[in-house]
Amino acid sequence: MKPRLERATRQIQGQVTKLDNRLERLKERDSSTFKRLVAGMEKHDTEMSAALSNELAEVRKMAKLVSQSKIALEQTALRLNTVQDIGDMVATIAPAMSIIRNVRSGLVNFMPEAQHEMGEIGNMLSTILVDAGQLGGTT
């Protein structure tokens, strides 16, 4: 079971890295859009400013979602790393699976490549949970 926990943790860390890269790109896009917005406002180009303002709001909304997802995955990885015994494992993995499902549904719209990997992570955690139940004699 330990190798599967380690594998799940590595996959989560891989997703955290991808989210970190996406967050960096979003920050760059935020900065460039903001600069273009300021330039448009200085030129009194209200049409362009309004469009850029909407774009900036969307970029910031995506950045917030990516950032929250990254934090949730980091917390999940930390929890998996601190699992001590079967009881802790069940108490840790059940909420972790919920977090993975929520992160997956939140990312699917603008980061579809994450859907498959997040599904694999969820399946792996589900299998670990079933195995833990069998070891504990609860299934």
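Reader: Which helix is the place of V59?

Author: V59 sits in helix α2, which covers residues 46–81. Keep in mind that this is a predicted model.

Reader: Why is V59 called buried?

Author: Its relative accessible area is 1%. Buried means under 20%, so V59 qualifies.

Reader: What is V59 in contact with, leaving aside its neighbours within four places in sequence?

Author: L26, R29 and D30. Take R29: it lies 30 residues from V59 along the chain, yet their C-alpha atoms are separated by 7.4 Å.

Reader: Now R22. Why is an arginine called buried here?

Author: The label rests on the number. R22 has a relative accessible area of 16%, and the cut-off is under 20%, so R22 counts as buried. R22 belongs to helix α1, residues 2–42.

Reader: What makes the pairing of R22 with E113 a polar contact?

Author: The side chains of R22 and E113 come to 3.2 Å, and the limit for such a pair of N or O atoms is within 3.5 Å. R22 also touches V66, F110 and M111, not counting residues up to four places away in sequence.

Reader: What does the whole chain look like, element by element?

Author: From the N terminus on, it runs α-α-α-α. That's four helices and zero strands. Of the contacts with a separation of 6 or more, 73% are between residues 24 or more positions apart.

Reader: Which residues have the most contacts inside the largest nonpolar core?

Author: I12, L73, I93 and L125, in a core of 31 residues. Each of α1, α2, α3 (86–107) and α4 (113–135) supplies at least two of the core's residues, and α3 gives the largest share, eight. In soluble globular proteins, nonpolar side chains tend to be buried together.

Reader: And what is L73 in contact with, leaving aside neighbours within four places in sequence?

Author: Its partners are I12, Q15, V16, L19, I100, V103 and M118.

Reader: How much of the chain is buried, then?

Author: Buried residues make up 37% of the 139.

Technical notes:
Residues numbered from 1 in each chain as written. Predicted model: local features only at pLDDT ≥ 70, side-chain atom pairs only at ≥ 80, totals over all residues. Heavy atoms only, no water. Buried < 20%, exposed > 50% of the residue type's maximum accessible area, 1.4 Å probe, protein only. Polar contact = N/O pair within 3.5 Å; in protein donor to acceptor, adjacent residues only side chain to side chain. Contact = heavy atoms within 4.5 Å. Core = buried A, V, L, I, M, F, W, Y, C linked by side-chain atoms within 4.5 Å.
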